[in-house]
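Here is a short briefing to read with the model open beside you. Could you keep the viewer handy while we walk through it?

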Amino acid sequence: FVWRGNWDVEQTRKRCTIAGPCHEESPFRQDFETIRNLCRDNLPLDQIEEYHVVMAALEAGGNPRGCKSQAEVGDYFTALEKTNHSIATEGYNTSRELGGMVRDEISVWITRDGQLAYGGWANHRLAIADLHQIERVPVSILGSHPDWLIEQCRLNSLPPHLALMRWVETLR
């Protein structure tokens, strides 16, 4: 859970937004651009970068996004559109409410200064939430910087797991 080093300084990027632009080096840029192009701008698949990337990976013998055929690639993008429609009409449901597991939520890391850094799971769901201006979504905390966790333990006179739980309660 605790990750030493300078990852929070060297590897984190400003969060992408649908309004954009996303940082060119962000590993999440393409996912946000896909949702912007597919769900906001209603562009056809052949004008969406991720579609071409997934198709090229499929043609090279891979299973991108779990797809094993061109039809499954189409189904994948249709599922994104359905997710967009569902969030637009029914609101944001948790992974559990959708039949998944808690670990499938949008993932975050806690930096040394207590900021949440996006972790890499559920990229498209985060982009869709941003598209619909949903301000609060459930997250799964993957880990933290030790400096932050030690400080929380000291401030609250609690062991790590309880200090983390107290901090989470302040976010609600």
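The side chains of E50 and R65 are joined by a polar contact of 2.9 Å, a polar contact being a pair of N or O atoms within 3.5 Å, where within protein one must be able to donate a hydrogen and the other to accept it, and residues adjacent in sequence count only if both atoms are side-chain atoms. This is a predicted model, in which local features need pLDDT of at least 70 and side-chain atom pairs count only at pLDDT 80 or more, while totals for chains, interfaces and linings use all residues. Residues are numbered from 1 along each chain as its sequence is written, and side-chain values use heavy atoms, with hydrogens and water left out.

**Around E50**

- E50 sits in helix α3, which covers residues 49–59; helices (H or I, at least four residues) and strands (E, at least two) are DSSP runs, numbered from the N terminus.
- With a relative accessible area of 1%, E50 is buried; buried means under 20% relative accessible area, exposed over 50%, and partly exposed in between, using a 1.4 Å probe and protein chains only.
- Leaving aside residues up to four places away in sequence, E50 touches Q30, D31, T34, R65, Y76, F77 and H124, where contact means heavy atoms within 4.5 Å.

**Salt bridges**

- Side chains of opposite charge can pair when their charged atoms come close.
- The count comes to seven salt bridges, each being a side-chain nitrogen of Lys or Arg within 4 Å of a carboxyl oxygen of Asp or Glu.
- R65 also meets D31 in a salt bridge, at 2.7 Å from N to O.
- That pair links distant parts of the chain, 34 residues apart: D31 belongs to helix α2 (residues 29–40), and R65 to the loop between α3 and α4.
- D31 is buried at a relative accessible area of 3%, whereas R65 is partly exposed at 42%.
- R40 and D41 form another salt bridge, with their closest N and O atoms 2.8 Å apart.
- R40 is partly exposed at 40% relative accessibility, and D41 is partly exposed at 33%.
- In helix α6 (residues 146–156), R154 and E151 are three residues apart, so about one helical turn separates them.
- The side chains of R154 and E151 meet in a salt bridge of 2.5 Å, N to O.
- R154 counts as exposed at 53% relative accessibility, while E151 is partly exposed at 30%.
- R29, E33 and E49 are linked in a network of salt bridges.

- The largest pocket holds about 1,100 Å³ of space.
- Its lining has 38 residues, and those closest to the centre are V108, L116, A117, Y118 and V139.
- On a 1 Å grid over the protein atoms alone, a pocket is an open set of points where a 1.4 Å probe fits, with protein on both sides within 12 Å along at least five of seven lines, and lining residues have an atom within 4 Å of a point.
- Grid points are joined across faces, edges and corners, and a volume is the space filled by probe spheres set on the points.
- At least two lining residues of the largest pocket come from each of α1 (7–10), β1 (106–110), β2 (116–118), α5 (123–131), β3 (139–144) and α7 (160–171).
- This lining has 21 nonpolar, seven polar and 10 charged residues; Ala, Val, Leu, Ile, Met, Phe, Trp, Tyr, Cys and Pro count as nonpolar, Asp, Glu, Lys and Arg as charged, and the others, Gly among them, as polar.
- The second largest pocket has a volume of about 300 Å³.
- Among its 15 lining residues, L80, T83, A122, H124 and R125 lie nearest the centre.
- Helix α4 supplies six residues, the largest share of the lining of the second largest pocket.
- By class, the second largest pocket is lined by seven nonpolar, six polar and two charged residues.

**Overall picture**

- The protein has seven helices and three strands, arranged along the sequence as α-α-α-α-β-β-α-β-α-α.
- The C-alpha trace spans about 55 × 35 × 30 Å along its principal axes.
- Of the 172 residues in the protein, 39% are buried.
- Among contacts between residues at least 6 apart in sequence, 56% join residues at least 24 apart.
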